[in-house]
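Biologist: I'd like to learn how to read a structure like this one. Can you walk me through it?

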Amino acid sequence: QWYQRRVHKQWYQRRVHKQWYQRRVQGESGKDFIIDKTMEKNIALLLLSAAVCYSFPAAQFPTTTTTLPPRPFKYAFASGRVPGGKPDRYTQSEGDANGVIRGGYAYLDPNNEWQKVEYVADDNGFHVDSSALPIANPVAHPRDTYVVAKAKANHENLYQRIALTNSKVQVAPNALHRQLQETAAVSSNRAAFHKQFDKIAAEHARIAAEHQHMAELEKRERELAEEQRLAYV
């Protein structure tokens, strides 16, 4: 409609201008003033009509966007850093008719270790499981340096010798073969020593069990990493 009004406006302006020009050429000077006023009125009316047309909002046509349903797909490929060289990264991905995408990739990191990443994209978001992420260890302790480890070994050796010496019952030789009786102070000190000895032995047993548990966790982590690496090789 807007385009039709614009074409009609242009056609009408050309027609009025042509009639006015023809009358001027024919010498109708007596009517020039009347024609000019009439043309001005017509032009004013046309401009007013155009302004009114522009003031109306443009016609709104409904638009529709078609969303195609998900199409199942599946692909996998391997590549290498050097053209024609041995592949050092593997990629695979597949999607179903519900729009759920599952995939993963494996690569050789700068430390020459295989890393594996698996992901799932569904209605609940994007979920990633990567072997490169750090694994939380509930029993994480700093490792001993060489000096600390050596000092602990010397302490353990000295402790075992002292414990062995104190575990033997010493009988003082006596001509009458009588066993000396301990005083109250000696008995108290002996009891305190045995109590401290039992406490230290229990602490050493706990530390040994903790170290064994840590060693088992590290061994299991290495086995899982090796299984993941073999799965993509």
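This is a predicted model: local features need pLDDT of at least 70, side-chain atom pairs count only at pLDDT 80 or more; totals for chains, interfaces and linings use all residues.

Biologist: Which side chain does glutamate 118 meet in a salt bridge?

Modeller: The general idea is that side chains of opposite charge can pair when their charged atoms come close. Here the partner is lysine 116, at 2.9 Å from N to O. Lysine 116 counts as buried, with 16% relative accessibility.

Biologist: How many salt bridges does the structure hold?

Modeller: Nine. Another one joins the side chains of arginine 102 and aspartate 96, at 4.0 Å from N to O. Arginine 102 is partly exposed at 43% relative accessibility, and aspartate 96 is partly exposed at 27%.

Biologist: Where do arginine 206 and glutamate 203 lie?

Modeller: Both are in helix α4, residues 184-232, three residues apart, or about one turn of the helix. Arginine 206 is partly exposed at 44%, and glutamate 203 is partly exposed at 37%. Look for Glu210 as well: Glu203, Arg206 and Glu210 are linked in a network of salt bridges.

Biologist: Back to lysine 116 for a moment. Which residues is serine 130 in contact with, leaving aside its neighbours within four places in sequence?

Modeller: Those are Lys116 and Val117. Serine 130 sits in strand β5, residues 125-130. Serine 130 counts as buried because its relative accessible area, 15%, is under 20%. A polar atom of its side chain also lies 3.1 Å from the backbone nitrogen of alanine 132.

Biologist: Now zoom out. What pattern does the protein chain follow along the sequence?

Modeller: The order is α-α-β-β-β-β-β-α-α, which comes to four helices and five strands. Of the 233 residues, 12% are buried. The chain exposes about 20000 Å², with carbon and sulfur atoms supplying 58% of that area. As for contacts with a separation of 6 or more, 32% involve residues 24 or more positions apart.

Conventions. Residues are numbered from 1 along each chain as its sequence is written. Side-chain values use heavy atoms; hydrogens and water are left out. Helices (H or I, at least four residues) and strands (E, at least two) are DSSP runs, numbered from the N terminus. Buried means under 20% relative accessible area, exposed over 50%, partly exposed in between (1.4 Å probe, protein chains only). A polar contact is a pair of N or O atoms within 3.5 Å; within protein, one must be able to donate a hydrogen and the other to accept it, and residues adjacent in sequence count only if both atoms are side-chain atoms. Contact means heavy atoms within 4.5 Å. Accessible areas come from the Shrake-Rupley method with a 1.4 Å probe; for residues, only the protein chains shown count as cover.
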